[in-house]
Amino acid sequence: MKKLFKYYVAVWAVMFVIFNGVCFFTPKNLGDLDKFGGAFWTGYVFITLAFIGQLACAYIALKDNSSQKLFYHLPLITISYTGLIVTLIFGSLTMIIPNLPNWVGIIVCLLILAFCAVSVIKAGGAAEAVAQTDEKIAVQTSVIRSMTADAQALMAYADDTQIQADCKKVYEALRYSDPMSNGALVEINNRLSDKMYKFSEFVKVNDVDNANALADEILRIINERNIKCKQSKQ
């Protein structure tokens with residue numbers, strides 16, 4: 001994403017240079033229009049602030065090498081880009097309208113800037129809230145997801161047909177169990193983890209009887225865990 005931001009900066013810089021070129025390299029007087037009259041500098045300052053703010057929002061959205069976080073921060077780019085366009089339109093009007101009082105230009109541009117700033121702050125806060133929720137869910141589901149991955153990998157060690165069947169039953173049970181964990185499930189998660197470790201040892205040495213007995217016990221623990229997990233959500 002950082003590489004993408006470099007390209008973004010290049011495009012942004014071109015647009016900013018074009019804006020300044022139009023402002024300062026066009027003739028000062030166009031007919032009855034005095035280019036530097038009215039609220040020219042008010043419009044120029046607010047448009048420049050909008051450019052800088054838009055670049056800052058793009059940096060926040062693209063600074064992490066994560067497509068998921070980019071998705072969460074896309075509103076920052078779209079809102080700031082929209083704000084830049086609106087500021088360009090109204091800021092340009094304050095720059096070119098002859099004898100426009102500065103206070104009019106300041107109020108108009110300030111209202112636009114304030115609205116965009118509030119929208120960006122809300123979008124940023126929403127993105128962070130969603131990201132924190134995702135991180136919390138990832139932590140809460142990591143235990144079962146890890147066991148599921150281990151159970152899937154364990155099937156490759158099974159040489160005996162019965163052990164292969166036991167491994168598949170354990171894997172399927174873990175795969176379709178509720179992955180969420182909470183404080184009430186710590187003890188049962190520990191028991192399940194302990195049984196899974198012992199089960200894997202028996203599978204690797206092809207101990208059919210012990211592997212089969214532990215597989216049945218693991219299935220009972222998973223069923224018990226699912227019941228408790230369901231009760232904790234009620």
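Below is a working chat about this predicted model.

User: Which pattern do they follow along the sequence?

Analyst: Read along the sequence, the pattern is α-β-β-α-α-α-α-α-α.

User: What share of the residues is buried?

Analyst: Of the 234 residues in the protein chain, 33% are buried.

User: And contacts? What percentage join residues at least 24 apart?

Analyst: Take contacts between residues at least 6 apart in sequence. Of these, 76% join residues at least 24 apart.

User: Aromatics next. How many pairs?

Analyst: The count is seven aromatic pairs. One of them is Phe19 with Phe51.

User: Why is that pair called tilted?

Analyst: The ring centres of Phe19 and Phe51 are 5.7 Å apart, and their planes meet at 35°. Stacked needs under 30 degrees and edge-to-face needs over 60, so 35° falls in the tilted class.

User: Where do the two sit in the chain?

Analyst: Phe19 is in helix H1, residues 2-25. Phe51 is in helix H2, residues 40-62.

User: Buried or exposed?

Analyst: Phe19 and Phe51 are both buried.

User: What about Trp41 and Tyr44: what geometry does that pair have?

Analyst: Trp41 and Tyr44 are edge-to-face. The centres are 5.8 Å apart, with 85° between the planes. Both residues lie in helix H2, three residues apart, which is about one turn of the helix.

User: Which residues form the aromatic cluster?

Analyst: One cluster holds Trp12, Phe16, Phe19, Trp41, Tyr44 and Phe51.

User: Staying with H1, what about Val9: how is it classed?

Analyst: Val9 is found in helix H1. Its relative accessibility is 28%, so it counts as partly exposed. The C-alpha atoms of Val9 and Tyr59 are separated by 9.0 Å. Those two residues are 50 apart along the chain.

User: Switch to H5. What span should it have?

Analyst: H5 has 15 residues and should span 21 Å at 1.5 Å a residue. Its end C-alpha atoms are 21 Å apart, so the two values agree.

User: Which H5 residues are buried?

Analyst: Ile163, Asp166, Cys167, Val170, Tyr171 and Leu174. They cover an arc of only 130° around the axis, so they are on the same side of H5.

User: What caps the N-terminal end of H5?

Analyst: Asp160 does. One of its side-chain oxygens lies 2.8 Å from the backbone nitrogen of Gln162.

User: Now Ser177. Where is it?

Analyst: Ser177 lies in the loop between helix H5 (161-175) and helix H6 (186-204). Its relative accessibility is 8%, so it counts as buried.

User: What does the side chain of Ser177 reach?

Analyst: The backbone oxygen of Leu174, at 2.8 Å. Leaving out residues up to four places away in sequence, Ser177 touches Ile144, Ile222 and Asn226.

User: Which H6 residues are buried?

Analyst: Ile188, Asn189, Leu192, Lys195, Met196, Phe199, Ser200 and Val203. Seen down the axis, the buried residues of H6 fall within an arc of 145°, so they line one face of the helix.

User: Which residues are exposed on the other side of H6?

Analyst: Asn190 and Tyr197 are exposed there.

User: What does Lys204 lie over?

Analyst: The face of Tyr157. Lys204 is 5.2 Å from the ring centre.

User: Last one. What follows H6?

Analyst: Asn206 follows H6, in the loop between H6 and helix H7 (208-232). Phi of Asn206 is near 55°, a positive value in a residue other than glycine. At 27% relative accessibility, Asn206 counts as partly exposed.

Key: Residues numbered from 1 in each chain as written. Predicted model: local features only at pLDDT ≥ 70, side-chain atom pairs only at ≥ 80, totals over all residues. Heavy atoms only, no water. Phe/Tyr/Trp six-rings, centres within 6.5 Å; stacked < 30°, edge-to-face > 60°. Helix = DSSP H or I, 4+ residues; strand = E, 2+ residues; numbered from the N terminus. Buried < 20%, exposed > 50% of the residue type's maximum accessible area, 1.4 Å probe, protein only. Lys NZ or Arg CZ within 6 Å of the ring centre and 35° of its normal. Polar contact = N/O pair within 3.5 Å; in protein donor to acceptor, adjacent residues only side chain to side chain. Contact = heavy atoms within 4.5 Å. Expected span 1.5 Å × (residues − 1). Arc of directions from axis to C-beta.
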